[in-house]
Amino acid sequence: MDSDLSPQDRKDLDKFIKFFALKTVQVIVQARLGEKICTRSSSSPTGSDWFNLAIKDIPEVTHEAKKALAGQLPGIGRSMCVEISLKTSEGDSMELETWCLEMNEKCDKDIKVSYTVYNRLSVLLKSLLAITRVTPAYKLSRKQGHDYVILYRIYFGEVHLSGLGEGFQTVRVGVVGTPIGTVTLSCAYRINLAFMSNRQFERTAPIMGIIVDHFVDPPCSNQRPANMGHPCNYRAPEEEEGAFAGVQDSQEVCTTSFSTSPPSQLYASRLSYQPAAEFCHPAANTNQVLQGGKEGGVVLVPSQPPHGAEVHLTVENNTPSSSGDEEGLLQSGEGGRRSVSPSDPVESLSAFTRKVGAFVNKPSTQITASSLDLPFAAFAPRGLDSEENDPMVHPPDSPPCQSPLQASLHSQGSDGSVQQDDFVMVDFRPAFSKDDLMPMDLGTFYREFQNPPQLASLSLNTSSQSMADDLDSLPEKLRVYEKNIDEFDAFVDMLQ
Amino acid sequence: MNCRSEVLEVTVEARQVEEAMLALLHTILLHRSTGKFHYKKEGTYSIGTVGTQDIDCDFIDFSFVRVTSEELDRVIRKAVSEFKDALSNSGSDGVGQISLEFYQKKKSRWPFSDECIPWEVWSIKVNVVNLANEQERQICREKVGEKLGEKVINVVEVINRHEYLPKMPTQSEVDNVFDTSLKDVQPYLYKITYQITDSLGTSVSTTMRRLIKDTLAL
C-alpha cells in the first residue's frame, strides 16, 4: 500500500504524525488550563517549533501523551483520544468532551509529504486552536477554581464516547490526507450538563478546602487510579529541578469564587439544564450527617418521589415524650425548581412532628398538617395548599445561597429513582429558635403569622346571611322605635 | 481558476460589531498566515514561527484566537473601526457587509498594471439591531457568542477542505502571493473592503470602497 512512498518520506510522515499528535494534546490541554494563552511570533525560525506554530510544550503533558502512545502512532483502528472532564470539589466528576485523532484508510497517494502534508497539518493545528475556544468546555475551564477543576486523560486505542451523556454533539476540526491514510481530528462534546447521579453517596473524608496541590500529579506517580484524569492546572512542583524551562509561571488556577448553586447559575443559558438533576454534594451532606447523627435516634422514612425527580423526606417521631432528646430533621430540600404536586402524600405531612427544644418535658402538642414543624418550613413542599405562585414553593431560578445551611438545602438533589435508605438525622438549629414559652420555632412562627385566619366579618357567607336577617328584622325595629319616640326626643334634648 | 466565495451572516448589537468582526477576520487570517519566509540558497526557504494569543470579547460571551502580531492587529482594527463608523452613520438599523479578499498579483506587461486575481473571498454580512433593555442585551451577549462559535466552525470547515491555495512562490514571486510588509508574520495578500446598505436595502449612493490594504498603486 505504501510501496510508492520512499523510505525517507515514510520516515518523515511518521515523524510528522507523531509530533502532530503530541502538539494536538498540548493545544487541547493548554486550552483547558483556565487561562489565556499567548505565544510570540518569531520571524527567524528556531527549528524547534513544529508546524511553524509557537505551541509550548508542558513536560507533564508530553510525558502523559508519550506514555499513552507507548511508542505507537495513531493509525487505522488506533486512535488517540484526549478526554476532558470536570471534577467538583466534592468528588463528582463528569466527562465534558473527547477529542479524537484518528486515521482512516482513505489514502492520498499523490500528495507531497514534506510539503503539503506538513502545511496542512499546520493549518489543522490552527483550526484546533480556534475550535478549542468554541466548545462549551472552554468557558467552564476558564472559570475553574475552588468549586471544580478540569481534568484531562489521554488514551490510545478505541474511542469511548459513552460517558458524554445523551445527545452529545460532534464537531470535526479537519482532515489531512496522507499517502498512508487520512488523519481526522474531531471533538465530541456533551451538551447535557445535568449532573449524573448514578453514583452512590460516598462516605469520603470531609473536604477541608480545596487545595490545588491535591490534584497536581507529579510525573510518574502511580497513586492515581487509572481512569482518573490529570488536572488541567499545571503548577511546577517545587521539588522538581528546573527542567520545566518552557513553562511560564503564568499557569495558575483561575480562582474565581463560585457559589454552590445549581448549575443554571454556572452555565450560559444555552446549555441544557435539567431541573431534576442538580449538583449533588454527597460529601457536604455527609459532613452534616456526621454531626447530626450523634444526637437522637429518629427514623427517617423517605417518601416516594412523586415524579421520580425529587426526593422528599419525612420524619416519623417515635418518641414523642422523650426528654432531653433533641430531634432534628433531615432536610433534603430540592433547590431550584420544586413542583407542588397535589399528590404529595398528606399523611407524610401529618407525620411531621413539632420540634421540641432541649430539656422540654411537655409532650408534643396537637399536630396539625398546616403547622409543619420544619426549620425553613416555608421551603418545604406544601401539598395541601395550591400555591403555584408562591415564591417559596416555586423559588425563582437558582436563588443565591446566603448560608451554608441554605446551600445544603438548595444544592442537594438526586436524579431518577434514587431510593436512599441510609439517611441519618441532621440536627438543625436555626438562630433564635428556642423558646420555652411557646414551643414553636422560627419557621413555624413565621408560617403561622403569614397566614392569619380570615376575619369573620369579611367572610362572604356570614355577611350575606346577616344582611338577610337585618332586612327581615327592620320593620319590627321600626315599630319599636316609633313607640319609644318620646323617649328618644327627650334624650336628644338632654344632649343639646 | 474560480474564486472561492464564502458568506457569513451575523446579527449583532451596535456595540458588538467591532468585536464580532475582529473575531471572524482574525480567525480567518490565523489560517491564512504563515511565518516569515527566509529564502536560502538553492531555492529553499525556511519559515518563521507564528505565535497565537487568546482574546476575550468584552461585549460578547466569546473568546477567539488570533495571530500574535501587533501590526496585523492594528491594520485589521483600523478597517473594522471604519466599517463600524460607516455602519453607525448610516442609520439605526443598518445592514452592512465587510469582505476579506485574498488575491494574487499577476504581473502584466507594461503599460498595463498588475492584475489582482482573487482566489478566496469571505463576506461577512452584519445586521445591527437595537435592544430595549439590559435583559435583552444579556441574552444577546450569549446568543451572539454562540453564533460566532458556529461561524468559526464554518470557517474551519471551509478551510479544511484544502481547496485551491496559491503555490509557494520563489523568492522573486513572494510579493505576488504574500504580504511581506509585516515583520513577524506573513499573511497571504489580502484586502478588506466594505459596503453599507441602509435600512431600505438599497446601496448608499456612493458605494464606499475603502482599500485598506492594497499594494496596487493606481
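User: Contact means heavy atoms within 4.5 Å; how many residues of chain B are in contact with chain A?

Analyst: In this predicted model, 37 residues of chain B touch 38 residues of chain A by that contact rule. Housekeeping: residues count from 1 along each chain as its sequence is written, while chains are lettered from A and ligands numbered from 1 in the order written. Local features need pLDDT of at least 70 and side-chain atom pairs 80 or more, though totals for chains, interfaces and linings use all residues; side-chain values use heavy atoms, leaving out hydrogens and water.

User: How much area do chain B and chain A bury between them?

Analyst: Interface size is often given as accessible area lost when the parts come together. Here, chains B and A bury about 3,100 Å² (1.4 Å probe, summed over both), with 56% of that on carbon and sulfur atoms. On the chain B side, B:Thr49, B:Asp54 and B:His162 lose the most area to chain A, together 22% of what that side buries.

User: What is the count of salt bridges between chain B and chain A?

Analyst: Look for a side-chain nitrogen of Lys or Arg within 4 Å of a carboxyl oxygen of Asp or Glu. The two chains have three salt bridges between them. B:Asp54 pairs with A:Arg133 in a salt bridge, at 2.6 Å from N to O.

User: What ipTM does the predictor give the complex, and what pLDDT does chain B average?

Analyst: The complex gets an ipTM of 0.89 and a pTM of 0.59. Chain B averages a pLDDT (per-residue confidence, 0 to 100) of 86, and 89% of its residues score at least 70. Residues 204–210 of chain B fall below 50, with 12 contacts in the model beyond near neighbours in sequence.

Methods: pLDDT is the predictor's confidence in each residue, from 0 to 100. Contact means heavy atoms within 4.5 Å. Buried area is the accessible area (1.4 Å probe) that two parts lose on being put together, summed over both.
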